[in-house]
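Keep the 3D view open as you read.

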Amino acid sequence: PRSLAHTTSAMPGKNEEHNGNGGVKIASLQSLHLYDFCKRLPKVELHAHLNGSIRQHTLVDLANERNVALPTDFFLLHEAEHHDPDKETLLFNTKPRSLRECFEFFSHIPKCVNDLAALRRITHEVLLDNANDNVAYLELRTGPK
């Protein structure tokens, strides 16, 4: 999602100083909050799994559309925990999961992503999410079904 036309630019805003090479001077970056600074950094994603990048609400939507019952703990573990208005808390995993829990959730994704419409939707959303995170290069993979 890094090469999309919708990619969030890492370029400075109107009030920031350019360094002459298309970037932002360090002094301008130092005034940013950590969240904003990290958001603006160009990123590289070398190993992203399509199913592992699905939006949580999308999985719920697809499950509802296809009459797939998700485990009730899915909803408990995935409630938004970002009650703190400080954006920097978004940089940290506030709901860590075990590998076993991740695989449990992953086992439900193929039941929900089982047609071209669902595949297009999650692919489009993953690309948009990566563009929004200023990913300049993405290697997105999926396994055969």
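**From fold to pocket**

Start with the contacts. Among those between residues at least 6 apart in sequence, 74% join residues at least 24 apart. Bear in mind that this is a predicted model.

Now the layout. The protein has 7 helices and 2 strands. Read along the sequence, the order is α-α-β-α-α-α-α-α-β. Of the 145 residues in the protein, 27% are buried. The protein exposes about 9700 Å². Carbon and sulfur atoms supply 57% of that area.

Turn next to helix α7. It covers residues 116–132, 17 residues in total. From first C-alpha to last, α7 reaches 24 Å. That is close to the 24 Å expected at 1.5 Å a residue.

Which residues of α7 are buried? They are Ala118, Ile122, Glu125, Val126, Asn130 and Ala131. The spacing in such a list can be read against helix geometry. An α-helix has 3.6 residues a turn, so residues three or four places apart point the same way.

What do the buried residues of α7 pack against? Their partners are α3 (56–65), α6 (109–112) and β2 (135–141). Just after α7 comes asparagine 134, with a positive phi of about 65 degrees.

Helix α6 holds cysteine 112. Is this cysteine buried or exposed? Cysteine 112 counts as buried because its relative accessibility is 0%, and the cut-off for buried is under 20%.

What is cysteine 112 in contact with, leaving aside its neighbours within four places in sequence? The list is Leu59, Leu62, Ala63, Arg66, Val68 and Ala118. Ala118 is also among the buried residues of α7. Take leucine 59 as an example of a contact across the sequence. Cysteine 112 and leucine 59 are 53 residues apart in sequence. In space, their C-alpha atoms are 6.9 Å apart.

Finish with empty space. Rolling a probe the size of a water molecule over the atoms shows where such space is left. The second largest pocket holds about 380 Å³. It is lined by 16 residues. Closest to its centre are Asn51, Ile109, Pro110, Thr142 and Gly143. Two of these names lead back to a helix already visited: α6 spans 109–112, and Ile109 and Pro110 are among the residues closest to the pocket centre. By class, the lining has 7 nonpolar, 6 polar and 3 charged residues.

Key:
Residues are numbered from 1 along each chain as its sequence is written. This is a predicted model: local features need pLDDT of at least 70, side-chain atom pairs count only at pLDDT 80 or more; totals for chains, interfaces and linings use all residues. Side-chain values use heavy atoms; hydrogens and water are left out. On a 1 Å grid over the protein atoms alone, a cavity is a set of points where a 1.4 Å probe fits but cannot get out, and a pocket is an open set with protein on both sides within 12 Å along at least five of seven lines; lining residues have an atom within 4 Å of a point. Grid points are joined across faces, edges and corners, and a volume is the space filled by probe spheres set on the points. Ala, Val, Leu, Ile, Met, Phe, Trp, Tyr, Cys and Pro count as nonpolar, Asp, Glu, Lys and Arg as charged, and the others, Gly among them, as polar. Helices (H or I, at least four residues) and strands (E, at least two) are DSSP runs, numbered from the N terminus. Buried means under 20% relative accessible area, exposed over 50%, partly exposed in between (1.4 Å probe, protein chains only). Contact means heavy atoms within 4.5 Å. Accessible areas come from the Shrake-Rupley method with a 1.4 Å probe; for residues, only the protein chains shown count as cover. The expected span of a helix is 1.5 Å times one less than its number of residues.
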